[in-house]
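Colleague: I am new to reading models. Can we take one feature at a time?

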Amino acid sequence: MDAATPVVELKQITKRFPGIVANDSISIKLHKGEIHALLGENGAGKSTLMNILFGLYQPDEGTIEIGGKPVQIDSPNKAIDLGIGMVHQHFKLVQPFTVTENIVLGSEPRKGLKINYKKAAAEVQRLSEQYGLQVNPNAKIEDISVGMQQRVEIIKTLYRGADILIFDEPTAVLTPQEITELLDIMKRLVAEGKSIILITHKLKEIMQIADTVTIIRRGQVIDTVKTSETTPNELAEKMVGRRVSFKVDKQLAQPGQTVLEMNNVISKNKDGINVLNELNLQVKAGEILGIAGVDGNGQSELIEALTGLRKVDGGSIRLLGQEVANQPPRKISEAGVSHIPEDRHKHGLVLDFSMSENMVLETYYQAPYSKNGFLNKDAIEKQAKSLIEKFDVRTPDIHTKARALSGGNQQKAIIAREIDKNPDLLIAAQPTRGLDVGAIEFVQKQLIAQRDQGKAVLLISFELDEIMNVSDRIAVIYEGKIVGEVLPEETNDQELGLMMAGSAVKKGVENG
């Protein structure tokens, strides 16, 4: 193979699913030592294309060449044999197993009849050091951070001899610091002769790391450009087919009465340690309070306590003056709380239910969807059609299972359902995680529209840009406690970063 021959070439790849052409005659070339980004909205066909390259799907038309030779990739094992590895958006790890056990699973080195874990751990350590991954081979997956779990997935591909690595939305679950570290890891990988395909819709990262970018829209290639010869605005426009605003357009907040008040809230984990540590918080009608913090500092526990999914061991949680701590989730929902959960697959949707069923998950037992214990299918379907249309959820029809939709459309469906409940308090946890610029703009506009209608909005996000742009006030959470409050216009990333690390405290922001 000479230097000009691409390490991977996809030629005229077409893939159809019932009611949709996911990939429409797509052609892409990846060269050795290159980072090639695939940019597109959710549902544009990026992941489908890479699942074809990794052998999870078969193309209906088109061919794949590796090193200039046509190949048939009919399974992930074949892809691995050809030196292709994939780091999936949702990790494929066994939680109670160690790092080493996960990495060698299915290709364990043996010593006689026994698995030679000592040899395996040494190889994991060697790869970890070679690529600067700093992974502990003996740690259990359930005890390490999300960022570290992703590194385990990277070593898993390297252990199997991958020279071509596919990263599917790798930064969707990472903190700002972990994103920086991952981009450095990618640079080291290509410096060592690896080639990377990066599926993403984060323009900032593409401009930082990619050499080339192919833009896909509605299953078709719009353009392939060098990042050195383009701009984020140009890429965004090509991606969504219209101009996109990166600035959040909003008026000054007009805060009203206090909707949510948390006083000295304590919640313990199974070991008796405070995961919420005398937490105090207020959200008023007509404002967005953003919670900033590094992942693992009590954000999930705060949401669980507010929605009735976690026991509160001390303090009070009041909604419009009414105590709701330790109430059942349905009671809290009926009291006027809507919740866009951080994990849409685990807590937002029943993936094997149809879209119409998912649209009434919290209201199916109420009129008009239910009468005398029987569901009213017509009313449910009418509601689903109305919400899907209003919120531009792209689905073949309302009977399609939720798991068949792209991440962005799943998120739009959840937001449609939660906003339609007309809540007093809207809790939005990572509402734009894994979404493209067009969908992010849509979600943020919806949150601001809710605020402007006099709702209290609690926004929890690891995206500092989002916290700064969308919030009216910012509260910083550290080790289960609110350690400071600031106004977005009076702070910056550096100050917030210090507070998020627990090394600075700022109090006393008045609202209203």
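Colleague: Which is I144, buried or exposed?

Modeller: First, the ground rules. This is a predicted model, where local features need pLDDT of at least 70, side-chain atom pairs count only at pLDDT 80 or more, and totals for chains, interfaces and linings use all residues. Residues are numbered from 1 along each chain as its sequence is written, and side-chain values use heavy atoms, with hydrogens and water left out. Buried means under 20% relative accessible area, exposed over 50%, and partly exposed in between (1.4 Å probe, protein chains only). I144 has 18%, so it is buried.

Colleague: Where is I144 found, and what does I144 touch?

Modeller: I144 sits in the loop between α4 and α5. Helices are DSSP runs (H or I, at least four residues), numbered from the N terminus. Contact means heavy atoms within 4.5 Å. Leaving out residues up to four places away in sequence, I144 touches V99, A139, Q149 and V152.

Colleague: How many residues does α4 have, and what does it reach?

Modeller: The expected span is 1.5 Å times one less than the number of residues. Helix α4 (residues 117-130) has 14 residues and reaches 20 Å from first C-alpha to last, close to the 20 Å expected.

Colleague: Which residues of α4 are buried?

Modeller: They are A120, A121, V124, L127 and S128. Down the axis of α4, these buried residues fall within an arc of 125 degrees (taken from the directions from the axis to the C-beta atoms), so they line one face. What covers them includes α3 (99-104) and α5 (146-159).

Colleague: What does the face of α4 turned away from its buried side carry?

Modeller: That face carries the exposed residues K118, K119 and E129. Just after α4, G132 takes a positive phi of about 65 degrees.

Technical notes:
Helices (H or I, at least four residues) and strands (E, at least two) are DSSP runs, numbered from the N terminus.
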